[in-house]
Amino acid sequence: MTPSLKSVGAITMFVQDALVSKDFYERVFEVKTVYEDENSAAFKFDNMIVNLLAIPEAHGLITPAIVGDASHGSNFQLTIWVDDADAACASLTSKGVSLINGPMDRVWGMRTACFADPDGHIWEVAQSLN
């Protein structure tokens, strides 16, 4: 039997300063940590754990792969489904978050907007227009 690889339970993002990132996630997403130490903070979202790990510790996790940094730009985006993209954007900006783009209607039937965390990880809020 082939094991299923369709249930993402956690993502780990490498960050410059775990305390700065922890504050951002608590303030913006209004989530509490389920685990933390001096090098990481993990948060429980509805159906997944988001783990923030200090870059020096990331090397040991993925060696021999190379740990990148924000100076090379983003190579992924995390999307949060919302019922009202405009309301989500208003909430984000009220918490001091600057939007990268949007909200805007997309040709594929979504209304989206993007923002970044302190380490340049891109997040998107997306509302179905259908």
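## Terms and model

Two strands count as paired if DSSP finds at least two bridges between them; strands (E, at least two residues) and helices (H or I, at least four) are DSSP runs numbered from the N terminus. This is a predicted model, in which local features need pLDDT of at least 70 and side-chain atom pairs count only at pLDDT 80 or more, while totals for chains, interfaces and linings use all residues. Residues are numbered from 1 along each chain as its sequence is written, and side-chain values use heavy atoms, without hydrogens and water.

## The sheet

S1 and S4 (residues 49-54) pair in the parallel sense over 6 bridges. Ala-10 has Ile-49 in S4 as its bridge partner.

Four strands make up an open sheet of mixed pairing, in the order S1-S4-S3-S2. S1 (10-15) and S2 (33-37) are the edge strands; each has a single partner strand, so one side of each lacks a neighbour in the sheet. From one strand to the next the twist averages 15 degrees (axes are lines fitted to C-alpha atoms, for helices over the stretch in contact; angles run from 0 to 180 degrees between N-to-C directions).

## Helices on the sheet

H1 (residues 18-29) packs on the sheet and touches S1, S2, S3 (40-44) and S4, contact meaning heavy atoms within 4.5 Å. The direction of H1 makes about 15 degrees with that of S3. H2 (residues 55-62) lies across S1 and S4 and runs at about 110 degrees to S4.
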